[in-house]
Amino acid sequence: MSNPSLLILPGDGIGQEVMAEVKKIIDWFGDKQDLKFDVSEDLVGGAAYDAHGTPLHDDTMAKAQEVDAVLLGAVGGPKYDDLDFSVKPERGLLRLRKEMDLFANLRPAQCFDALADFSSLKKDIVSGLDIMIVRELTSGSYFGEPRGIFTENNERVGINTQRYTESEIERVARSAFELAKRRGNKVCSMEKANVMESGILWRDVVTEVHQADYADVELSHMYADNGAMQLVRAPKQFDVILTDNLFGDLLSDCAAMLTGSLGMLPSASLGAPMENGRPKAMYEPVHGSAPDIMGQNKANPSACILSFAMALRYSFDQGDAATMLEKAVESVLAKGIRTADLMQADGGKAVSTSEMGDAIINELNANV
Ligand code: IPM
Ligand code: MG
């Protein structure tokens with residue numbers, strides 16, 4: 001049987017640097033665990049625009065559809081701020097999500113013990129935090145029509161549409177309930193049913209799916225603004241949070257920061273199963289391209305490395321390998337090894353991006 005295939009799209013900014021560390025980890029699993037992948041690499045975002053005048057070439061899109069999983073670094077940067085909206089780096093990412101139909105975006109926010117002091121919240125509020133945000137990723141106001149900037153009564157009007165069909169809500173709700181069953185068995189669904197019809201439908205459909213197939217999972221509903229407040233007040237009350245595309249964008253950044261650093265958070269974007277039974281999938285860190293620190297070998301590669309751990313778990317059924325990698329990252333942090341984003345004023349010297357990657361590999365070596 002041939003090896004499973006991976007398409008690496010490092011993208012822009014620190015994407016290249018953090019992905020270089022992921023490649024070392026992929027090689028380690030091939031050499032030491034006989035877990036081999038056929039890896040190819042291509043351009044996305046500003047890098048693709050520079051080469052092809054488009055943030056995602058059709059050939060790259062076609063490759064993404066064929067592989068077993070895509071690993072993406074980050075897109076965007078100030079260099080591309082003035083580009084036309086249709087060719088901005090982010091359009092490349094959104095096209096991948098849409099055309100691969102990656103409707104369930106899993107964003108775990110876990111607070112590693114060694115980092116509890118880095119949170120902007122008090123340690124006892126975040127230590128041991130382990131929540132999973134399930135963000136709908138292919139619909140809602142990111143993609144709804146009509147959209148655009150039009151002229152009406154001699155002035156411009158900007159329009160985006162929040163639109164959800166029942167089936168779109170149902171499939172992502174199922175993903176959230178399935179995940180909850182393997183975790184704390186609780187789902188909190190967040191919308192604005194008090195002001196939005198799409199929120200009323202969201203709440204109805206989630207309730208129907210729950211009653212029909214997941215009545216043994218604890219379900220609650222919360223308005224998304226209250227959800228944001230509760231996330232900073234008492235985040236440990238949550239297990240799985242289910243929410244739409246736009247609220248999920250906001251709430252996941254908020255949840256991420258509870259853990260001390262955006263540089264630690266991975267994500268998985270999953271679609272329907274392919275013929276081989278694996279879900280269509282793309283894995284990417286939650287952080288952006290961080291142009292302010294690019295090229296300085298100081299970005300934290302952990303989020304991107306942990307995204308590969310999610311790929312091992314969700315695409316390749318390698319839960320043990322995923323746990324091994326997550327534990328290696330955790331042990332490195334426990335030893336006080338930190339990149340600059342994780343240094344405190346009183347801390348020692350920050351290690352570089354590549355030193356962090358090497359430390360994680362040393363830890364893996366020590367444990368096999
Ligand atoms: C994210 C990002 C993206 C989004 C951007 C880069 C388009 O913020 O993945 O959370 O808004 O979805
Ligand atoms: Mg975001």
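Reader: Which residues of α10 are buried?
Author: The model is predicted: local features need pLDDT of at least 70, side-chain atom pairs count only at pLDDT 80 or more, and totals for chains, interfaces and linings use all residues. Residues are numbered from 1 along each chain as its sequence is written, chains are lettered from A and ligands numbered from 1 in the order in which they are written, and side-chain values use heavy atoms, with hydrogens and water left out. Helices (DSSP runs of H or I, at least four residues) and strands (runs of E, at least two) are numbered from the N terminus, and buried means under 20% relative accessible area, exposed over 50% and partly exposed in between, with a 1.4 Å probe and protein chains only. In α10 the buried residues are Ser302, Ala303, Cys304, Ile305, Leu306, Ser307, Phe308, Ala309, Met310, Ala311, Leu312 and Tyr314.

Reader: What distance does α10 reach from its first C-alpha to its last?
Author: The expected span of a helix is 1.5 Å times one less than its number of residues. For the 13 residues of α10 the expected value is 18 Å, and the helix comes close to it, reaching 18 Å.

Reader: Which residues does Phe29 touch, not counting residues up to four places away in sequence?
Author: Contact means heavy atoms within 4.5 Å. With residues up to four places away left out, Phe29 touches Asp34, Leu35, Phe308, Leu312, Ala321, Met324, Leu325 and Leu364.

Reader: What separation is found between the C-alpha atoms of Leu115 and Leu333?
Author: Leu115 lies in the loop between β4 and α5 (123-126), and it counts as buried because its relative accessibility is 0%. Beyond its neighbours within four places in sequence, Leu115 is in contact with Thr259, Met264, Leu333, Arg338 and Leu342. Although Leu115 and Leu333 are 218 residues apart along the chain, their C-alpha atoms are separated by 7.7 Å.

Reader: What is the volume of the largest pocket?
Author: On a 1 Å grid over the protein atoms alone, a cavity is a set of points where a 1.4 Å probe fits but cannot get out, whereas a pocket is an open set with protein on both sides within 12 Å along at least five of seven lines; lining residues have an atom within 4 Å of a point. Grid points are joined across faces, edges and corners, and a volume is the space filled by probe spheres set on the points. The lining of the largest pocket has 25 residues, with Gln110, Asp130, Arg183, Arg313 and Glu326 nearest its centre. Its volume is about 600 Å³.

Reader: How many charged residues are in the lining of the largest pocket?
Author: Ala, Val, Leu, Ile, Met, Phe, Trp, Tyr, Cys and Pro count as nonpolar, Asp, Glu, Lys and Arg as charged, and the others, Gly among them, as polar. The lining of the largest pocket has 12 nonpolar and 4 polar residues, and its charged residues number 9.

Reader: Which element supplies the largest share of the lining of the second largest pocket?
Author: The second largest pocket has a volume of about 370 Å³. Of its 21 lining residues, Val75, Glu90, Leu93, Arg97 and Glu284 lie nearest its centre. The largest share of the lining, 4 residues, comes from α4.

Reader: Which element gives the most to the lining of the largest cavity?
Author: The whole structure holds 1 cavity of 30 Å³ or more, and about 60 Å³ of space lies in the largest cavity. Among the residues that line it are Tyr164, Met196 and Trp202. The element that gives the most, with 3 residues, is α7.

Reader: Is Asn153 buried or exposed?
Author: Asn153 lies in the loop between β6 and β7 (155-161). Its phi is near 50 degrees, a positive value in a residue other than glycine. Because its relative accessibility is 75%, Asn153 counts as exposed.
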